[in-house]
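Here are my notes for your next look at this model, as a few numbered points. I hope they are handy beside the viewer.

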Amino acid sequence: MKTKDVQDNLITTNTQFFMRNRIVSSFSFLLLLFWVMSAHTQTPTDGLFMEKNEICIAVMGSHDTWDHYWEGRLLRDNQNIGILTRNTLMPMAAYGISSKINLLVGLPYVSTSPSGGQMTGVSGWQDLSIFLKFKPYSYHNDRWTLLSFVTAGFSTPASGYLSDYQPFSLGLGTQEYSLRAIVKTEYLEKYYFRGSAAFLHRTTTEAERDYYYTTKGIYTSTMDVPDATNFELALGLWMFNRAIQLEGAYVSQTSLSGDDIRRQNQAQPTNKMDWTSINGRLRYFTPFFEGFSLMANYGQVLTGRNVGQSTVISGGITYQFPIKK
Amino acid sequence: MKSLYTLSFWLSVAAVLLIFGCSKDYPTGAEFEPYQYSSLDQNAGTWKTVLLQNPEQIVIDAPQDITQASYKSELQALKDAVSKMSAHDRSAINYWTNNPIIRWNEIARELAAKYNLTPAPNPDGTYPAPSAANPGVYPLFPFAHPPYASRAFAYLSVAQFDALVAAWHYKYKFNRPAVFRSDNAVNTFFDPVDLPSYPSDGAVVAAVSRDILSAMFPLEKEYLKEKAEEMKRCLLLSGINVESDLIAGDSLGRGVARVFLARASTDGMGAAQTPRPVSDSLANISEAQFGWRWINMESPRRPVGITPRFGNVKTWAVPDVKAIRPGVPPAIGSAEFNKAADELKQIANNLTKEQRKIANWWSDGLGTYTPPGHWNRFATNSIIQYRYNPVRSARVYAYMNMAIMDAGIACWDVKYYYNYPRPVQAIPGFKTILGTPNFPAYTSGHSSFSSAAANVLSYIFPNERAAFEKYAKEASESRIYGGIHYRFDCEVGLTQGKQVADFVIQKASADGAN
């Protein structure tokens, strides 16, 4: 009996250890939360992957504020906006279709409110995002792991929100097709570096007016939302037997076209929206409830063009479990 | 599994790549084919002009006879130029079409939108003001707000009208045949029109439009000159006019523009944007008389509203705007006021998508061509639909824009006579989906402009009356949905706009064009 108990314990311990590693490796979609940063959709950027038939559900919340924004390249305040707060609550789910394909889905509920002026904030469901994540190549040896991923994403407005109500609008009101390549290398299962590059194609958005001015007058209600590139570099560290993950990242997004907000004018979805930001992230994989993890994130926009100088605090809870043996 | 993986991977890649780069060119103006004029209005030279005392107030020389060598060499120069026409020339001709007055109206709308930006505050919370003396120093001159835009459209359109009536007069006086009649070897780009060619009506329009708009938007002088040159070249290349037609047209256009700019320089617009003590004293008078005063609610507060003395600017058709000044609006806190305020709160709290859309569709706020621009667009659509010739097109724009400007003057007289607070000022905690304009609430400018324009357009295009009236009503109501006007602002504005239109229609019905 004693031997059996020990065996059971061992098995349990092994299982737990195994599970934890898998939990650690499964939150590939958490970086979806970046898209709540400044209403600019993004693709999952992390270098993690779920196994077949695993499912993960999560709720992320974020609190984004700014009191300065870039009008073109001019950093300014605007007392008729005051502090613009953008709160987001995003339910998400991820599923391992196979050991090489993950499916990720998210739908944020956004609410905005300005502290100054007489304009009203708005709230509602923003964009439904669906991503497929592929793992085309990986390499392991005793010390090093090299992983590569490709994500292909699609997002589309989930409610009839008005995109031409910047900067209070829920989002850009456009469909977005994205393609991202990610490379991640990990040393001794402790330190890692990750880099990724993405191309974001946006279709158009419909304004509720059929004339608008960019650098010329345009007689239609359809607005082009600029395509963009996005790059990320991240350095990370695992601690306490991979119970805690610490990461710092630098992100840069650049629109490939678009106009500047004109002096003292309202922003519109046709604007060129560029930004760079730094982000710090902490994740905790609790040993008390198997499959649960908590995460917290802090982000700060450093430079920008036609975007708010956002500070973002966010956090979330995730639960992961296999649905088949 | 492997094949599913490979397939879905490449499908995703292909989808993203395929979609990339499918950007479209959006219209930057009316999209229409050159059309055959519904009539030539041979008698348009007898129509009553608005400012010109008579069609020969601006004198032009009689043309050389077409039998003379000078004319023949001009014809030869025209044919040479046509034979060397480039693809760029062709696209320019297709842009200007055979009714270029439409494009000049669009250019005016474009400039209104470009310059319709309110000054940003200084770091110390004060506001700079545009200066006509230093137009290129921020804030650029002009700030093309609705009163300014209404005036720019009016001067442009009425000057075009008078100039074209004079052109028609001279055309039939001198009777120089159309180019294709003089020489049947000349290829005309458009359907040939049997209109005497001297002076060129196109060149008249180019010159008068260039000069009026250059005065209204002084920083655009070079741009406007290029546009006018391009247009005149198109008149030559499309086989409509020879050089001497163009020169005479340019001279006539310049002369008419001078007459209108002389009026503009003394019409009172220069004093419309008052210094603070003047606008304060207007508000003090209202407050003493009625117990309320309008204040700007922006932060930092703008000390002076838009053009407090626009109500004193010289009208075109209304003899005295004070004579059509409506009665006192409901006292703040009265039952009638509370009813209107409750309606606004009720709408704001339960805004339907349709109401939101109407508010935004008619917003025509900062950075746009303003409500007067919106109505010029409707006028353009009807001009094209009814295939109007240039002089009849000019008449539409002229009477509509006189009505719009006079409605603006009448409305601004009311606004600064009563200095009535906006909803965001009078209703505690009230929030809006549109920015509240920087002038008093009563009466609604959108309603006055729209009602004046709709009634004049309905007079000219009676079959379209239902549509125009619907537009005016919707434009008016849009301000309620946007939370920036009370219903009584809008209803009284519509009534006043109609009163203004009646004066303009009276004038139009006596001009001999019907």
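1. Let me start with a crossing: H12(B) passes H17(B) in a left-handed sense, where left-handed is used if the near helix is turned anticlockwise from the far one by less than a right angle, and right-handed if clockwise. H12 covers residues 353–361 of chain B and H17 residues 465–481 of chain B; their axes come within 8 Å and cross at roughly 110 degrees. These two helices are therefore roughly perpendicular to each other (angles of 65 to 115 degrees count as such; under 35 is roughly parallel, over 145 roughly antiparallel, and the rest oblique). Axes here are lines fitted to C-alpha atoms, for helices over the stretch in contact, with angles from 0 to 180 degrees between N-to-C directions.

2. Before going on, the basis: this is a predicted model, in which local features need pLDDT of at least 70, side-chain atom pairs count only at pLDDT 80 or more, and totals for chains, interfaces and linings use all residues. Residues are numbered from 1 along each chain as its sequence is written, chains are lettered from A and ligands numbered from 1 in the order in which they are written, and side-chain values use heavy atoms, leaving out hydrogens and water.

3. Which residues bring H12(B) and H17(B) together? B:Gln355, B:Ile358 and B:Ala359 from H12(B) meet B:Glu474, B:Ser478 and B:Tyr481 from H17(B), a contact being heavy atoms within 4.5 Å. By class there are three nonpolar, two polar and one charged residues in this contact. Nonpolar covers Ala, Val, Leu, Ile, Met, Phe, Trp, Tyr, Cys and Pro; charged covers Asp, Glu, Lys and Arg; the others, Gly among them, are polar.

4. Next, helix H13 (residues 370–385) and helix H16 (residues 445–460), both of chain B: their axes come within 10 Å and cross at roughly 20 degrees. That makes H13(B) roughly parallel to H16(B), and their crossing is right-handed. On the H13(B) side the contact includes B:Trp375 and B:Phe378, and on the H16(B) side B:Phe449 and B:Leu457 are among the residues involved.

5. Some backbone spots deserve a click. Most residues other than glycine have a negative phi, and most peptide bonds are trans. B:Tyr138 and B:Pro139 are joined by a cis peptide bond with omega about -5 degrees, and B:Pro139 sits in the loop between helix H4 (101–115) and helix H5 (146–174) of chain B. The bond from B:Tyr198 to B:Pro199 is also cis, omega being near -5 degrees; B:Pro199 belongs to the loop between helix H6 (179–182) and helix H7 (201–216) of chain B.

6. Two non-glycine residues carry a positive phi: B:Asn175, at about 55 degrees, and B:Thr307, at about 35 degrees. Are they buried or exposed? B:Asn175 is partly exposed at 46% relative accessibility, whereas B:Thr307 is buried at 2%. Buried means under 20% relative accessible area, exposed over 50%, and partly exposed in between (1.4 Å probe, protein chains only).

7. Finally, chain A has one helix and 20 strands, with helices (H or I, at least four residues) and strands (E, at least two) taken as DSSP runs numbered from the N terminus. Of its 325 residues, 58% are buried.
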